[in-house]
Amino acid sequence: MAKLGKRLTDAYKTVNRDSFYSLEEAVTLVKGAAKAKFDETIEIAMNLGIDPRHADQMVRGVVNLPNGTGKTVRVAVFARGAKVDEALAAGADVVGGDDLAEQILAGNINFDRCIASPDMMGVVGKLGKVLGPRGLMPNPKLGTVTPDVAGAVKAAKAGAVEFRAEKTGIVHAGVGKVSFSEEALVQNIRAFVDAISRAKPTGAKGQYLLKVSLSSTMGPGLKLDLTSVSAAAGTAA
């Protein structure tokens, strides 16, 4: 087993990794155990009772965190005409058409979210092999293919988080920063858990929420009490 650094070893002393904590307790402990010299991200990991290999059990969507993520999100937009000005006015970092597609194909991908107006999908469709594996391909189901490019840009900048279940049935995401207040983090986590709960696929049978844990970038993970998480989501596991 790899040897833990002194900071992480000290952090583990402040928590009991075998215990299950309420959402509020976990947030307090995770914040207290974060001792890195940078503003660590608070991360949630959810093990779901699904098999993503089956199309009817895929969990994917987007959620707007009420207090944002604390991360600066660079947004690229495929648009033409008046929508170019709308996207720029909304705060888009990069806006273009064929020129933007050429930059992407050349390996210049300097953005975290990609949005497209429907009339640009003929251009964007050619980029699937490049943007798809990076989770950046615009998708109408995620609100990133839309005539309202300005609204999509503002949502991305405000803290919209995309989520997608991995092959092992785990969904994870950053839900804020250590510098956030405990109340803000709890609100963000509740919004995220609620979104995952509402995204339960029709093919999922039996228990849906199996395990939920919370951690900071450099800190120990804490297991959340499922009753607490389910109550936060407003739904049974």
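This report covers the sheets and pockets of a predicted model.

## Ground rules

Local features in this predicted model need pLDDT of at least 70, side-chain atom pairs count only at pLDDT 80 or more, and totals for chains, interfaces and linings use all residues. Residues are numbered from 1 along each chain as its sequence is written, and side-chain values use heavy atoms, with hydrogens and water left out.

## The five-strand sheet

Strands of a sheet pair through backbone hydrogen bonds, either parallel or antiparallel. Here, an open sheet of five strands runs in the order S1-S10-S9-S2-S8, with mixed pairing. Strands (E, at least two residues) and helices (H or I, at least four) are DSSP runs, numbered from the N terminus. Two strands pair if DSSP finds at least two bridges between them. Strand S1 (20–21) and S8 are the edges; each has a single partner strand, so one side of each lacks a neighbour in the sheet. Helix H8 (residues 182–198) packs on the sheet and touches S2, S8 and S9. Its direction makes about 155° with that of S8. Contact means heavy atoms within 4.5 Å. Axes are lines fitted to C-alpha atoms, for helices over the stretch in contact, and angles run from 0 to 180 degrees between N-to-C directions.

S2 has two antiparallel links. Six bridges tie S2 to S8, and Asn47 has Ile170 in S8 as its bridge partner. Seven bridges tie S2 to S9, where Ile44 is partnered by Leu214. Leu214 also stands opposite Leu222 in S10. S9 and S10 run antiparallel and share two bridges. A hairpin of five residues joins S9 to S10. S1 and strand S10 (residues 222–224) pair in parallel over two bridges, with Phe20 facing Lys223 as bridge partner.

## The three-strand sheet

A second open sheet has three strands in the order S5-S4-S6, with parallel pairing. Strand S5 (94–96) and strand S6 (113–116) are its edges, each pairing on one side only. The twist averages 15° from one strand to the next.

Strand S4 (residues 75–78) runs parallel to S5, and three bridges join them. Phe78 stands opposite Gly96 in S5. Helix H4 (residues 98–105) lies across S4 and S5, at about 130° to S4.

## The largest pocket

Rolling a probe the size of a water molecule over the atoms shows where empty space is left. The largest pocket holds about 790 Å³ of space. Its lining has 31 residues; closest to the centre are Lys71, Val161, Glu162, Ala173 and Gly174. Strands S2 (41–48), S3 (60–64), S7 (160–164), S8 (170–177) and S9 (209–216) each give two or more residues to the lining. On a 1 Å grid over the protein atoms alone, a pocket is an open set of points where a 1.4 Å probe fits, with protein on both sides within 12 Å along at least five of seven lines; lining residues have an atom within 4 Å of a point. Grid points are joined across faces, edges and corners, and a volume is the space filled by probe spheres set on the points.

Where does the pocket lie? Domain 1 (17–69 + 160–230) and domain 2 (75–158) both supply lining residues, so the pocket lies between them. Domain bounds come from an automatic or database domain assignment. The lining divides into 11 nonpolar, 11 polar and nine charged residues. Ala, Val, Leu, Ile, Met, Phe, Trp, Tyr, Cys and Pro count as nonpolar; Asp, Glu, Lys and Arg as charged; the others, Gly among them, as polar.

## The second largest pocket

The second largest pocket has a volume of about 150 Å³. Pro52, Met58, Arg164, Ala165, Glu166, Lys167 and His172 line it.
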